[in-house]
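Welcome! Take a look at the sequence and the 3D structure here, and then we will walk through a sheet and the cores together.

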Amino acid sequence: MQVVPYAGGTSTQLGVQMPLLCALLRAPNQTPVPPPLEGANSYINPTFGNIVFGPVSPTAANQQTPIPGVATWTYTSSGLSMLGDPSLICYGTSGNGVMRYSSGLFVDDFEPLGFDASIVSRVVQLPSINNGYVYKYYVDFAIPVLSQTNNVVIGLRDGYDKSLFDSTTSYYCTVATTTSTECNSTSIHDNLSVTVAIPAGNMVLGRYIVFRPLKAGVTSLPVTSSPVTIAALYLPDGYEKRVDNNVSATYGSLTDARPEIVASATTSALATLTEGGSLNGVTFGLDDDTTETTGNLLSAEATLTFNNVPFQTTVNCGSATPITASPRVTRTCSFDVVTPAIDYATDIALNTYAPGVSANLRIVATDPRGQTTTLDLPIHVRSLDNDKPVFGFSTRFAPPAAGPDKTPTVTCSQAVSDSPQCVGSISDFLVDIAPGPEGATDEVAAQTVALVPDTSTGRNGNIACVLDSGSAQIFGLNGGPRVTLTSGGKVGSIAYGLGKSQGSATCTVKITDGGTFYTGQSASNETKTFRIVVAP
């Protein structure tokens, strides 16, 4: 890091020896645009050596537009602090090029974490007289689900070596899929510098195709270890910590392409599964530019993840004989999808996950040189019916009766009158209450449970109790059994008052579900009986 006098001597210019890559994340077409913070240091200059970033400003001699959003830099013996717009995101780099957010750059060490958002640039055309001296490359990005409830704005910027390329004639386009190789939309004559709103609950894969003509007098690119373009992907601070895969560079040579995964109509069917269903023979394609050899084949693995629990599935990519007859290798792979339970579903509406519920397929393709490509696809499982709630009786206080009926039975022995069964106060009488069976994750996540009261037997009770044949009245005047659901509806207590008579009664508990049902479905009830016995 160095601090040098700024031209004119009225301010100070802060420089860093390794790149500090920045972007301002604001919603696309935000109106009004928040004003930049004022002050002499309110901009970050988008230049590092010959690499420049940002849109070109025709009114400023085709120079890159600085980024607003910095109010002050404060450099003391304890470190560097920056006051800025919360939408400003910067990456700092270590000496070996490993990136992390500048908000923690001077706090702790670099730390590798698991998969998150990523960006990859690939050179597919070198400039020559046959193509008008145009350098062409893909910028591919992958964004996992960032939030189930909120849209999240991300940024993407692509910088280039100003000593090699002509900024005034560079252009790019957005393509429909990550396998598209030519522009199918209007080209944008500027440098790639965009913000994109990622919809809640969605993962996004995207590709930009960038074309950069050489400057006048330049006829080829140097083949060196120095990058000629750098693309960076930005997420708001707090969504991820691993950012080494958020920056990608290209050089003066064609990229040895990573394998491409080509989705098919059957992989699209992953969004149309139904409750407890399965899909057999799901297919996808693989395409790569590396010829196979014995033991080094183009291959793939697939992992199904249901509510963060991974299940490996067997993938068949055809013959084990190497494909050597073509400069490109293509294979078709297949696998089966089986949902984890007969009543498993994910959605509360078409292609809308229940809160906290998720399911996805991850395909990892590996080419003969060991390069990998990852494709994540969402899985949606539509509910077919609303299952009944589930609950049980505490076997400690209401064990099954002896004999064929096995009715859970609460027994008060008058000889032990201070027992919970005789006092008539049991806090965990109903147990394992849920809106549906364990495998029905959509219902468990989106629904609630409630007691359906029944006051037909009187005596201040809220469940129906009928004296068994020949039995005397065992409940006091206001001692009818009352059930109350507690702990968020997961358990239920019971309270009742017994008289002095011996006998028995059979009682009924009815639980219903509520909350959010899949489109067109309605509440279900579950009814169970138990017995209260007063013995000597």
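Predicted model: local features only at pLDDT ≥ 70, side-chain atom pairs only at ≥ 80, totals over all residues.

**The sheet**

Residues are numbered from 1 along each chain as its sequence is written, and side-chain values use heavy atoms, with hydrogens and water left out.

**Strands and pairing**
- Strands are DSSP runs of E with at least two residues, numbered from the N terminus, and two of them pair if DSSP finds at least two bridges between them.
- β14 and β15 (residues 134–143) run antiparallel and are joined by seven bridges.
- I119 has F141 in β15 as its bridge partner.

**The nonpolar cores**
- A nonpolar core is a set of buried (under 20% relative accessible area, 1.4 Å probe, protein chains only) Ala, Val, Leu, Ile, Met, Phe, Trp, Tyr and Cys residues joined through side-chain atoms within 4.5 Å.
- The largest one has 29 residues, and V139, L156 and Y208 are among those with the most contacts inside it.
- β15 gives the most to this core, with five residues.
- A second, separate core of 27 residues includes A300, C333, A345 and L375.

**A look at L156**
- Leaving aside neighbours within four places in sequence, L156 is in contact (heavy atoms within 4.5 Å) with residues including I119, V139, F141 and Y208.

Key. Helix = DSSP H or I, 4+ residues; strand = E, 2+ residues; numbered from the N terminus. Buried < 20%, exposed > 50% of the residue type's maximum accessible area, 1.4 Å probe, protein only.
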